[in-house]
Amino acid sequence: MGPNTESADDLQALRDRYVPKGPFNATRYLAATAKGAVITDTEGRELIDFAGGIGVVNVGHCNPKVVAAIKDQAEKFIHTCFHIVMYEPYIRLAQKLCELAPGDFEKMALFANAGAEAVENAVKIARSHTKRPGVIAFEGGFHGRTLLTMTMTSKVKPYKFGFGPFAPEVYRMPYAYCYRCPMGLDKATCGAACADLLKDFFIGHAAAENVAALVVEPVLGEGGFVTPPTQYFTKLAAICKENGIVFVADEVQTGFGRTGKYFAMEHHGIEPDITSVAKSLGGGMPISGVVGRREIMDAPQVGGTGGTYGGNPLACRAALAVLEVFEEDKLLEKGRTLGEKIQKRFASWMAEYELIGEERGLGPMRALELVTDREKKTPATAQAKALVKFCVDRGLLLLSCGTHGNVIRTLMPLVITDEQLERGLSIMEEGLREISKGNF
Ligand code: PLP
């Protein structure tokens, strides 16, 4: 029996019977096909995709070049395990990633499957290089669901609750969430003072010489698309450098064009020692990577990193095709134009709807933070949930994020057409109007 041979109702009942609730479903739709920025469900409904499989399909669903590469590779060989018989797509992808990643220095790259694995590997590599245990992560950060990355993740429910004890030697610092400044300062005059807290941290929490890595997202993904100023990252990077701490940028969500550049750290002129990538690198295939300074990446002993499936040939071919699409179809430029259109629209809504406390983001990675009171900045969690439901019920796939679940984010494929974008934005605006009136 193949997929989708049962009615949608039957399949949903089977899902509830045989799949636990842990792997959540944001909607009850069942996919039949997907193309560009539209998923068609088994009932023939066209869903406009502002979620992109959580930021995975920047090149669009079933991008023809990606599909062709996967098909071609599947005819040749599907798996040998890179550690047993190596293959060109892995090596070429490593070369490409080293060329693309920020940093005017020699780099190396390795591949795994999920974003969490990439972050875990980054920490292992940093520990191996520095011979230190400590890891600094940030409030609002999300790095995955494995023991270490869950520990590094900041939001307790649902990601950590009931899953302790957690991994040792993970510390947390405030993030530059300027809309809700952790120090109560004004971003126009603060001089990114929250980055300087790291110096006190070395006195009160862990000595700098015991810290292997600082792992930071350039824009908080699950944490609410919080977008710190350049000075914050410049300061963090300088403190890491002074203290021999490996500066790791977790670009799992921000990478591969999501912010209008290949890597979000490029907006800040930062050259991280290590960058973790995943999501849109594979255009839908599960692949993640770690890229960074040659001498750091090469620290672990032979066999110390890797895995059975890491850098699977189909996934590497898909990733190479993704990079071709970016170049040939000028996707970075398209992404920047898309970001401007969304930003303009969100800014106009800001003037109209009190419910929006802040409109923010980097390029097409844009968000609206909803509040019930602009003065007090009270998180409008119920309203955000209602807005998502309003949109999902009308065929627009939309996600919330943020520690309080009150931020609406956009992760649509960068190839979305103007007409699809307009349809999606109109549904969002209708939802904002209704929910602002208290109709939810
Ligand atoms: N790091 C960041 C910044 C993420 O946004 C995510 C997932 O959303 C991860 C790591 C974990 O990736 P994965 O779900 O592929 O393990």
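This is a predicted model: local features need pLDDT of at least 70, side-chain atom pairs count only at pLDDT 80 or more; totals for chains, interfaces and linings use all residues.
- Strand β2 covers residues 38–41 and strand β3 covers residues 46–49, and the two run antiparallel to each other, joined by three bridges.
- Zoom out and you get an open sheet of four strands, ordered β1-β2-β3-β14, with mixed pairing.
- At the edges are β1 (31–35) and β14 (396–397); each has a single partner strand, so one side of each has no neighbour in the sheet.
- As a bit of background, strands in a sheet pair through backbone hydrogen bonds, and they can do so parallel or antiparallel.

**The ligand and its surroundings**

- Where does the ligand sit? The space it takes up is the largest pocket.
- Around the ligand you'll find Ala114, Gly115, Ala116, Phe142, His143, Gly144, Glu217, Glu222, Asp250, Val252, Gln253 and Lys279.
- That shell splits into four nonpolar, four polar and four charged residues.

**Contacts with the ligand**

- Gly115 uses its backbone: an N or O atom there lies 2.8 Å from an oxygen atom of the ligand.
- Asp250 has a polar side-chain atom 2.7 Å from a nitrogen atom of the ligand.
- In the side chain of Lys279, an N or O atom is 3.1 Å from an oxygen atom of the ligand.
- On its own the ligand would expose 390 Å², and the protein buries 84% of that.

Conventions. Residues are numbered from 1 along each chain as its sequence is written. Side-chain values use heavy atoms; hydrogens and water are left out. A residue is near a molecule or strand if one of its heavy atoms lies within 4 Å of it. A polar contact is a pair of N or O atoms within 3.5 Å; within protein, one must be able to donate a hydrogen and the other to accept it, and residues adjacent in sequence count only if both atoms are side-chain atoms. Accessible areas come from the Shrake-Rupley method with a 1.4 Å probe; for residues, only the protein chains shown count as cover. On a 1 Å grid over the protein atoms alone, a cavity is a set of points where a 1.4 Å probe fits but cannot get out, and a pocket is an open set with protein on both sides within 12 Å along at least five of seven lines; lining residues have an atom within 4 Å of a point. A molecule sits in a cavity or pocket if more than half of its atoms lie within 2 Å of its grid points. Ala, Val, Leu, Ile, Met, Phe, Trp, Tyr, Cys and Pro count as nonpolar, Asp, Glu, Lys and Arg as charged, and the others, Gly among them, as polar. Two strands pair if DSSP finds at least two bridges between them.
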